[in-house]
Amino acid sequence: MQPDFNHLKSQLEGDLFIDNVQRVLYSTDASQYKELPLAVAKPKTKDDIKKIIAFAKENDTSIIPRGAGTSLVGQVVGSGIVVDISKYMNEIIEFNNW
Ligand SMILES: Cc1cc2nc3c(=O)[nH]c(=O)nc-3n(C[C@H](O)[C@H](O)[C@H](O)COP(=O)(O)OP(=O)(O)OC[C@H]3O[C@@H](n4cnc5c(N)ncnc54)[C@H](O)[C@@H]3O)c2cc1C
């Protein structure tokens with residue numbers, strides 16, 4: 001059964017796309033691999049990410065965290081929910097000295 005993405009969308013501050021254009025755009029990265037994801041999420045907050053993870057678990061699907069998509073062997077290609085953190089979650093909050 002198709003997960004109820006409209007319900008998830010209504011809970012997020014960020015964006016959620018299930019249209020074919022976004023899914024095709026996110027079906028590949030800098031690699032040669034290609035796989036159509038179920039959906040593309042662009043979270044705005046930590047809470048958004050928690051909700052996406054909970055939703056993926058409830059619906060027995062996966063999440064694929066994505067930054068710039070420059071990984072070279074298909075790391076951000078998959079059949080679950082691509083979670084693009086580069087649109088809204090793009091501030092450096094702190095530096096840690098090791
Ligand atoms: C032309 C070119 C040259 C390169 N040269 C080098 C090089 O010299 N040295 C080198 O080390 N690498 C190199 N790379 C690899 C590239 O730098 C790394 O793949 C890049 O750092 C990944 O960052 P990204 O934000 O694009 O992540 P993505 O490609 O989006 O993701 C990479 C991995 O990190 C995960 N991920 C992304 N964001 C998050 C997040 N917020 N939380 C948890 N997991 C996350 C993804 O799921 C995926 O598994 C090169 C890539 C290209 C295209």
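This is a predicted model: local features need pLDDT of at least 70, side-chain atom pairs count only at pLDDT 80 or more; totals for chains, interfaces and linings use all residues.
Leu16 stands opposite Ala41 of strand S2. That pair belongs to the antiparallel pairing of strand S1 (residues 15–17) with S2, which runs over three bridges.

**Strand pairing**
- S2 also pairs with strand S4 (residues 81–84), here in the parallel sense and over three bridges.
- Across from Val40 stands Val82 in S4.
- Ala41, the residue opposite Leu16, likewise stands opposite Val83 in S4.

**Side chains of S2**
- In a regular strand, side chains alternate between the two faces of the sheet.
- In S2 (residues 39–42), Ala39 and Ala41 point one way, while Val40 and Lys42 point the other way.
- All four of these residues, Lys42 included, are buried.

**The sheet as a whole**
- The four strands form an open sheet with mixed pairing, in the order S1-S2-S4-S3.
- S1 and strand S3 (63–66) are the edge strands, each pairing on one side only.
- From one strand to the next, the twist averages 20 degrees.
- Helix H3 (residues 46–58) packs on the sheet and touches S2, S3 and S4.
- The direction of H3 makes about 170 degrees with that of S4.

**Ligand surroundings**
- The ligand is surrounded by 14 residues.
- The closest are Pro65, Gly67, Ala68, Ser71 and Gln75.
- Seven residues of the shell are nonpolar, five are polar and two are charged.

Technical notes. Residues are numbered from 1 along each chain as its sequence is written. A residue is near a molecule or strand if its C-beta atom, placed from the backbone, lies within 6 Å of it. Ala, Val, Leu, Ile, Met, Phe, Trp, Tyr, Cys and Pro count as nonpolar, Asp, Glu, Lys and Arg as charged, and the others, Gly among them, as polar. A residue is buried if 20 or more other C-beta atoms lie within 10 Å of its own, exposed if 12 or fewer, and partly exposed in between; C-beta atoms are placed from the backbone. Helices (H or I, at least four residues) and strands (E, at least two) are DSSP runs, numbered from the N terminus. Two strands pair if DSSP finds at least two bridges between them. Axes are lines fitted to C-alpha atoms, for helices over the stretch in contact, and angles run from 0 to 180 degrees between N-to-C directions. Two residues are in contact if their C-beta atoms, placed from the backbone, lie within 7 Å.
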